[in-house]
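Please take a moment to look at the sequence and the model before reading on.

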Amino acid sequence: MHIETERKFLVKDSRFKELSVKSYRIRQGYIAHQGGNTVRVRIRDNEGFLTIKGPSGNGGLSRFEWEKQIPLADAEELFLLCRGGSIDKTRYLVPAGHAPAGKYFEVDEFYGNNAGLVMAEIELDAPDEAFGKPDWLGEEVTGDHRYYNSHLLDNPYRLWGKDR
């Protein structure tokens, strides 16, 4: 069992791309989403993953997460069970300068119905763990359900209007 603790932020501009050490394309869909529990299938470049997440706690900071790599062909088949399409994005890994070694911001640039949305998250070992906030980070949106990928599938960013 793994408890994921992360903080999420909007991203103000594209300066993070210059600092990125790796990027990959992600397509993900949701087999189930109810009561805060989600079952997700993801294809990251040419790798498949199945993930189960529990409801968020601690103000959206922490949640149970179970993830296993699965064969790419199985992941592609599981997309047939997904509801409402999929999320398409590029994820950039950006070293977190003032965090412990090995920490990265995962910056997601969304496409399709969520084009224009760019978010960064950092996974922490504890809710109160300190980390540096680069100046390209914007407003913190940790715990704001509108920014959960499962929510974005049903409520795309492009439909939010000007008062996002």
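Which residues lie nearest the centre of the largest pocket? They are Glu4, Glu6, Arg40, Lys53 and Glu65, and they belong to a lining of 34 residues. Before going further, please note that this is a predicted model, in which local features need pLDDT of at least 70 and side-chain atom pairs count only at pLDDT 80 or more, while totals for chains, interfaces and linings use all residues. Residues are numbered from 1 along each chain as its sequence is written, and side-chain values use heavy atoms, with hydrogens and water left out.

Rolling a probe the size of a water molecule over the atoms shows where empty space is left. Here the search runs on a 1 Å grid over the protein atoms alone: a cavity is a set of points where a 1.4 Å probe fits but cannot get out, a pocket is an open set with protein on both sides within 12 Å along at least five of seven lines, and lining residues have an atom within 4 Å of a point. Grid points are joined across faces, edges and corners, and a volume is the space filled by probe spheres set on the points. On these terms the largest pocket has a volume of about 580 Å³. Its lining divides into six nonpolar, 12 polar and 16 charged residues, where Ala, Val, Leu, Ile, Met, Phe, Trp, Tyr, Cys and Pro count as nonpolar, Asp, Glu, Lys and Arg as charged, and the others, Gly among them, as polar.

The structure also holds one cavity of 30 Å³ or more, and the volume of the largest cavity is about 40 Å³. The residues that line this cavity are Lys8, Glu106, Asp108, Met119, Ala120, Glu121 and Asn149, of which two are nonpolar, one is polar and four are charged. Strand E7 (104-110) and strand E8 (118-124) each supply at least two residues of this lining, and E8 gives the most, with three. The names of such elements come from DSSP runs, numbered from the N terminus, with helices (H or I) of at least four residues and strands (E) of at least two.

Two of the cavity-lining residues, Asp108 and Asn149, lead us to Lys89, which is placed in strand E6 (residues 87-95). Is Lys89 buried or exposed? Its relative accessibility is 1%, so Lys89 counts as buried, given that buried means under 20% relative accessible area, exposed over 50%, and partly exposed in between (1.4 Å probe, protein chains only). The side chain of Lys89 makes a polar contact with the side chain of Asp108 at 2.9 Å and another with the side chain of Asn149 at 3.1 Å. A polar contact is a pair of N or O atoms within 3.5 Å; within protein, one must be able to donate a hydrogen and the other to accept it, and residues adjacent in sequence count only if both atoms are side-chain atoms.

We turn next to the aromatic rings. Rings of Phe, Tyr and Trp (its six-membered ring) pair if their centres lie within 6.5 Å, and planes under 30 degrees apart count as stacked, over 60 as edge-to-face and the rest as tilted. By this rule the count comes to seven aromatic pairs. In one of them, the ring centres of Phe16 and Trp136 are 5.9 Å apart and the planes stand at 50 degrees, so the pair is tilted. This pair links distant parts of the chain, since Phe16 is in helix H1 (residues 16-19) and Trp136 is in the loop between E8 and strand E9 (137-140), 120 residues apart. Phe16 is buried, with a relative accessible area of 1%, and Trp136 is buried as well, at 2%.

Trp136 also pairs with Phe105, and this pair is edge-to-face, with 5.6 Å centre to centre and 75 degrees between the planes. Because Phe105 lies in strand E7 and Trp136 in the loop between E8 and E9, the pair ties together parts that are 31 residues apart in sequence. Phe105, at 1% relative accessibility, counts as buried. Phe9, Phe16, Tyr92, Phe105, Phe131 and Trp136 form one aromatic cluster.

Finally, consider the backbone of one loop. Most residues other than glycine have a negative phi, and most peptide bonds are trans. Asp45, although not a glycine, has a positive phi of about 55 degrees. Asp45 is found in the loop between strand E3 (37-44) and strand E4 (47-53), and is partly exposed, with a relative accessible area of 42%.
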